[in-house]
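Open the model in your viewer and keep the selection tool ready. Each stop below says what to pick next and what is there.

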Amino acid sequence: MALKKIFVSLLTLSIATVISACEKNNQTKNCMVLFYIGKVKITDSITSQTRSPKIKGIIKENDIIETGPKANLVLQVHNMASIRIIENSRVKINAILKKGKNTELSVENGKVFSKLKKLSRGSTYKVNTPNNFAAVRGTSFLTSYDAKEKKSSVAVHTGVVKVTPKINKQKSILVTKNKTAVIGLKKDMYTIRQNQIQQLELKKLHLHKFIKKPENKTVEEIKKNFQSKEIIKSEKAIADTITVLKELPKLSPLDRLRKLGKELTYFKLSRGQIIGHIVSQDKNIIKLDTGDGIVELPKRKIIKRRLFK
């Protein structure tokens, strides 16, 4: 009888070891570093052992990733989720996608951009902060948490994100494209519409494409995906536009239009004069952007017009 118990115990241990090995093997393919720049540290939260990232390096459950100034790191979970951990961030990987289970990470400080394909049935993707969690099945969004201010936000670029606060017993809300949910300790959650600069910043983060079966690619092939001329050109164009938009508030209304490359027209009217960029026109009305807003100009009041430099 004792011999039988020992045999059963050994068999159970053997099966558990095989399952554990299989899960570890499966996890190896599931979460991989595809790109990093700057100072990045990865810590096993259980053993406290630290390591530096490497392309095609494996990220495990319970790993904590910390990025320094001007640093970031891109992970790909299976072929379903791309995760970009932005500078000055600390993020813990709680769970890695397996069939019928969740991928879950916690933003302890900083920012994480998530880009997802549609997940399989029974699988979900969650991003936690101390204030809230966001759950999705297919979308792209930026999760931010400021540990000093104890304030978090979820900015949606594509799709819909369900955001649930952890405080004040508030209800979940669905956040849609070009909107941001803001969650703090003192106020109830609210949403705001993203301005043009915020939308462009999300568009820039969204540029990089998924790599199909990265485990079968060489390191150089993976690097090329992040250093392609097309990506670099698109990033520069977006960055240049953001720079221009940030300068606009400092300029006069007409100089704002000039900076944006808008052609200006001078109008002498029956009473006064006006300068701006023609947005559209019909038989009776000209819609004119003055730099401060759009005005409707009746054509019957125009005495003459000319281009204005």
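**Stop 1: serine 89**

Select serine 89 and isoleucine 86. A polar atom of the serine 89 side chain lies 2.8 Å from the backbone oxygen of isoleucine 86. That is a polar contact, defined as a pair of N or O atoms within 3.5 Å; within protein, one must be able to donate a hydrogen and the other to accept it, and residues adjacent in sequence count only if both atoms are side-chain atoms. Serine 89 sits in the loop between strand S6 (81-85) and strand S7 (90-95). Helices (H or I, at least four residues) and strands (E, at least two) are DSSP runs, numbered from the N terminus.

Is serine 89 buried or exposed? It counts as buried, because its relative accessibility is 4%. The classes are buried under 20% relative accessible area, exposed over 50%, and partly exposed in between (1.4 Å probe, protein chains only). Now show its surroundings. Leaving aside neighbours within four places in sequence, serine 89 touches Ile65, Glu66, Thr67, Asn109, Gly110 and Lys111. Contact here means heavy atoms within 4.5 Å.

**Stop 2: colour by confidence**

This is a predicted model, in which local features need pLDDT of at least 70 and side-chain atom pairs count only at pLDDT 80 or more, while totals for chains, interfaces and linings use all residues. Residues are numbered from 1 along each chain as its sequence is written, and side-chain values use heavy atoms, with hydrogens and water left out.

Colour by pLDDT, the predictor's confidence in each residue, from 0 to 100. The protein averages 86, and 89% of the residues score at least 70. Strand S4 (residues 63-67) has the highest confidence, at 97, and helix H1 (residues 2-30) the lowest, at a mean of 39. Over residues 1-28 the pLDDT is below 50, and beyond near neighbours in sequence this stretch has eight contacts in the model. Where pLDDT is low, the predicted coordinates should not be read in detail.

**Stop 3: the largest pocket**

Select Ile86, Lys111, Leu142, Glu201 and Leu205. Of the 37 residues lining the largest pocket, these lie nearest its centre. The pocket has a volume of about 1,200 Å³. On a 1 Å grid over the protein atoms alone, a pocket is an open set of points with protein on both sides within 12 Å along at least five of seven lines, a cavity is a set where a 1.4 Å probe fits but cannot get out, and lining residues have an atom within 4 Å of a point. Grid points are joined across faces, edges and corners, and a volume is the space filled by probe spheres set on the points.

Which element gives the largest share of this lining? H4 does, with six residues. Elements supplying at least two residues each include strand S8 (102-116), helix H2 (196-206) and helix H4 (229-247). By class, the lining of the largest pocket has 15 nonpolar, 12 polar and 10 charged residues. Ala, Val, Leu, Ile, Met, Phe, Trp, Tyr, Cys and Pro count as nonpolar, Asp, Glu, Lys and Arg as charged, and the others, Gly among them, as polar.

**Stop 4: helix H2**

Select Ile197, Leu200 and Leu202. These are the buried residues of H2. Their cover includes S8, S11, S12 and H4. Then pick asparagine 195, which caps the N-terminal end of H2. One of its side-chain oxygens lies 3.1 Å from the backbone nitrogen of isoleucine 197.

**Stop 5: the second largest pocket**

Its volume is about 230 Å³. Among its lining residues are Glu149, Lys150, Val182 and Tyr190. The lining divides into four nonpolar, one polar and five charged residues.

**Stop 6**

For the largest cavity, select Val74, Ser82, Ile83, Arg84, Phe113, Lys115, Leu205, His208 and Phe226, which line it. It holds about 70 Å³ of space. S6 gives the largest share of that lining, three residues. The second largest cavity has a volume of about 40 Å³, and its lining has seven nonpolar, one polar and no charged residues.

**Stop 7: two lysines**

Lysine 70 has a positive phi, near 60 degrees. It lies in the loop between S4 and strand S5 (72-77), and is exposed, with a relative accessible area of 73%. Finish at lysine 213, where phi is also positive, about 45 degrees. Lysine 213 lies in the loop between H2 and helix H3 (219-226), and is partly exposed at 44%.
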